[in-house]
Amino acid sequence: MVEIKLKVNGKSYILEIEEDMRLLDLLREKLGLLGVKEGCSEGECGACTVIMDGKVVNSCLVMAFQAEGSSITTIEGLEKEGEIHPIQQAFIEVGAVQCGYCTPGMILSAKALLDKNPNPTEEEIREGISGNLCRCTGYNKIIQAVEKGKGV
Amino acid sequence: MKKRGRGIGLSFYGTGYGNGFPDASKAKVKLLKDGKVGIYVGGTEVGQGAKTVLSQIGSETLKLPLDKIIFISEDTSLMPDSGTAAASRQTYNTGNAIKIACENFKNRLREAAREQLKLNAIHGLTVEKGEIYLEFFPQKRISFKELSKIYGDDNIEAEGEFIAQTIEMDPETGQGAPYWPYTFNACGVELEVDTITGLVEIERAVFAQDVGRAINPHLVEGQMDGGFAMALGYVLFEDLKLEKGKIYNNKFSKYLIPTAMDMIQIENIIVEEPEYTAPFGAKGIGEPVMIPVGPAILNAIYDAIGVRITELPVTPERLIKAIEEDGKKKEEI
């Protein structure tokens, strides 16, 4: 067991963890953040995407101890005073959600992109979410939602 | 060398189980306390939008806003069987069952209103916006809320069942009319084939889908985009290595599906030609949206390089091989 300190969704934690624990399991099992989805477990699908110090990572590929001292945002962290984030709102409005399994990761990738580049082109949006697989939507409604979430 | 080509594909598709197989959907509708209405069906929501579209059908039939409807499709202790969320059948089949159940429910409400308003008959009683009133004497009215107070939870309810018309084909001749209804679509693509690398790049795509009536156009477009993307993957790179029942590439690192960078904007055209046996004319499109994409892409490849591809997926290796074989054949002639 090792002890790590980290910040998740703005809250500080000191946690006892197993050395071989993945960040994904820490978030889901230790902190109960079930919006972080496990998909392929090999870094291909992006369902487990979280934002770690401003960068998107696949939490299945990050060991929990590597998160020492970092600040992590999961989909649960986008809510502010009971209001969902404008990107989430845009996803609902344009119909960018079908089965919903990719949605948390997709929204976090979109947020990380817009935080860095507030006015991306369609090509840049496609690239920004290319690490997140979606089998239902064909991506176009998602692109439209990110366009809509720009500059809000 | 890069060569451009254009192709189209057309398809028609029978929704539902078809071929004489019993295809039934049931629905239950109840007046709840606080005057809201519960709709219960076994039409599973798997992301296709069943819950949205079926709620809309209920809302439209009851003339009641969506926020006054509690729609339950995931609790088997409450809901009757509405068949599988398969065969592109929920909108048409379960939609019809809901419409029938809602009409029966409206008659139950009219009966209750007749009793409470001390009327002789239910004729002329209009049900809308959570109220039941006499059309030619609107002072005679009672709300769902008042009725639920008088009758309590669960006392006013109705069921509906829809059994689709399907006919078994003649086993001798293979002739018949196995499905009803059918839905029609057309896809057109423009693409570029790189004859050196074997890569196929879709440049433009147009997709027209007959839906009878688009109950929710956003969701229809979502299905069309999704069907195109899945077909694009199947046609150009998805290749399941299945040998003796074992899948050798059961990982996303070895089985590639399209990412956002592989997709393009699709010019979607929704064709509305209401189907007379359907709820508000609407038909299902879940599966059909994939079908014409493959033929359209293969036709466009033929248009670009004059080579017919007959095996999927059209990977660069296969395409180069097909071009070489075609070249040899032409030399022999």
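View 1. Glu128(B) stands opposite Glu131(B), a residue of strand S6(B). The model is predicted: local features need pLDDT of at least 70 and side-chain atom pairs count only at pLDDT 80 or more, while totals for chains, interfaces and linings use all residues. Residues are numbered from 1 along each chain as its sequence is written, and chains are lettered from A and ligands numbered from 1 in the order in which they are written. S6(B) covers residues 131-134 and runs antiparallel to S5(B), with four bridges joining the two. Strands (E, at least two residues) and helices (H or I, at least four) are DSSP runs numbered from the N terminus.

**View 2. The open sheet of chain B.** Three strands follow the order S5-S6-S7 with antiparallel pairing, where two strands pair if DSSP finds at least two bridges between them. S5 and S7 (141-143) of chain B are the edge strands with a single partner each, so one side of each has no neighbour in the sheet. From one strand to the next, the twist averages 15 degrees. Helix H2(B) lies across S5, S6 and S7 of chain B, at about 120 degrees to S5(B). Axes are lines fitted to C-alpha atoms, for helices over the stretch in contact, and angles run from 0 to 180 degrees between N-to-C directions.

**View 3. Helix H1 of chain B.** The 13 residues of H1(B), 50-62, reach 18 Å from the first C-alpha to the last, close to the 18 Å expected (1.5 Å times one less than the number of residues). Among its buried residues are Val53(B), Leu54(B), Ile57(B) and Leu62(B); buried means that 20 or more other C-beta atoms, placed from the backbone, lie within 10 Å of the residue's own. The buried residues of H1(B) pack against elements of chain B including S3 (37-41), H2 (90-117) and H4 (217-236). Lys63(B), with a positive phi near 50 degrees, follows H1(B).

**View 4. The two domains of chain A.** The domain assignment, automatic or from a database, gives domain 1 (2-77) and domain 2 (86-149) of chain A. Their C-alpha centres lie 21 Å apart. In contact (C-beta atoms, placed from the backbone, within 7 Å) are 15 residues of domain 1 of chain A and 13 of domain 2 of chain A. On the side of domain 1 of chain A that touches domain 2 of chain A, S3(A) supplies the largest share, three residues.

How values were computed: A residue is buried if 20 or more other C-beta atoms lie within 10 Å of its own, exposed if 12 or fewer, and partly exposed in between; C-beta atoms are placed from the backbone. Two residues are in contact if their C-beta atoms, placed from the backbone, lie within 7 Å.
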